Amino acid sequence: MKIMRDLAAATACLSLLAACSDGKPPIAAPTRSSTAPSKSASAPATPAPSETITPSTRWRNVLGPKLKDTSGLVDVLAKGPKDAWAAGFEAGADDDEGLPVLAHWNGSAWTRVPVKNSYLRVQAFDMTGPDDIWLAGGSGAVSQWNGRVWTERHPFGVAEGYKAYDVAAEKGHAVIVGSGPVGAFAVEWGGKRFELLQSGIDGVFASVALKDGHVWMVGGEPREDCRGISPMVAHSTPDEGWSYAEDMAFPAIPEGRLNSVLAITPTDVWAVGAIGGYDREEYMPARCRRKPGDTHRFDPQKAVSEPLVMHWDGSAWKRMELPPWKGSLNRLTAFGKNDVWASGTDSLNPGKAILLHYDGTSWTREAISAGGTGYAAIAAVPGTSDLWGVGSVGEETDSEQPFIVRRH
């Protein structure tokens, strides 16, 4: 595994950050040394094809706010039985990112929350309370609500080619992660300006979680020989610097990538994703891109993927053994240490969002009853055993429409 850092690009990035952050230069991004791959995982046996899963009758459709055509919900959070939030987009098109959407559940109905009318294709959102809400967009921009006004912020100024995949907020600051011309990036807003936490690392940061001053980021990075990718993990503590997969006894998982991370406590962290079955180009820098007549840079792509679940116990990462099936995992939520849920897709159950549940001992699966969808974001409802699920039906089409479901 070789980490390529483009110092010139990182310096240019710092200049852009300073230009859009009250003129104060951000801190320098930490360096990361090249290392050999970590030891191989004690991986479960190759999964057998998964069986057809009957949708659970515990899920019920819930009426959401009326949105314009080509709309969807991409993320959901729950603060209590009468306080849940969902974010997404509407009026999207192939050449149009659409408009941001935010909705609130008050215990009896979902209603729209006014959002600044800007073109921001929302990918994820987070909040610490009703006066601190962050929407992250595919263009690399974010929109923040402070209880009075919405403010759109651009960590990289007018630079193009950046994608913000996730945002996490805690105690007056927020971290945004994604990918761009300089590779995987992470920037932090501390109240006055953006500071660059990570940049110049080949690959993609897909998800971020904050917990008690700890920052966790996961994604995927190219292997040194450009023949595939491996999971990428970065962790920062309040008192120490950054550590990476090779520093945390993360097992080698060829062709793996991580899509979501959840920190229940600093010593109880979960990450989910998949192995194989995807387009590697998104994770590859220019040095690894396929050229005319080039046949050696990529292994043949697997037809389907295998789900991946990793757990951090404070000292090492462990790959969890799952029921035999083929698919991928995209989102996480939890009620506590031994009550963890992940959502994803199943290759033999197209058009259904699949849930995986861990009770502290074993994993079980079920399908969400909302028909026509293969993706859902989920949120545990504090004080109950309920789950919210949101997504869209008819993804990537002009007839895409959102759905909201609840598991009682």
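Trainee: Is S260 buried or exposed, and why?
Mentor: This is a predicted model, in which local features need pLDDT of at least 70, side-chain atom pairs count only at pLDDT 80 or more, and totals for chains, interfaces and linings use all residues. Residues are numbered from 1 along each chain as its sequence is written, and side-chain values use heavy atoms, with hydrogens and water left out. Buried means under 20% relative accessible area, exposed over 50%, partly exposed in between (1.4 Å probe, protein chains only). S260 has 7% relative accessibility, so S260 counts as buried.

Trainee: Which residues does S260 touch, not counting residues up to four places away in sequence?
Mentor: S260 sits in strand 18, residues 256–265. Strands (E, at least two residues) and helices (H or I, at least four) are DSSP runs, numbered from the N terminus. Contact means heavy atoms within 4.5 Å. On that basis S260 touches S207, V218, W270, A271, V272, N330, R331 and L332.

Trainee: Why does G219 count as buried?
Mentor: G219 belongs to strand 15, residues 214–222. Leaving aside neighbours within four places in sequence, G219 is in contact with V204, F205, A206, S230, P231, M232, R257 and L258. G219 counts as buried because its relative accessibility is 0%.

Trainee: What separates the C-alpha atoms of G219 and A234?
Mentor: Along the chain, G219 and A234 are 15 residues apart. Their C-alpha atoms are separated by 9.1 Å.

Trainee: In the open sheet of 4 strands, what is the order?
Mentor: Two strands pair if DSSP finds at least two bridges between them. Pairing in this sheet is antiparallel, and the order is 1-28-27-26. The edge strands, each pairing on one side only, are strand 1 (59–61) and strand 26 (376–380).

Trainee: How many bridges join strand 27 to strand 28?
Mentor: Strand 27 covers residues 387–393 and strand 28 covers residues 401–407. S392 has P402 in strand 28 as its bridge partner. The two strands run antiparallel, and the number of bridges joining them is 7.

Trainee: How many helices and strands does the protein have?
Mentor: Buried residues make up 56% of its 408 residues. Among contacts between residues at least 6 apart in sequence, 53% join residues at least 24 apart. The secondary structure comes to 1 helix and 28 strands.
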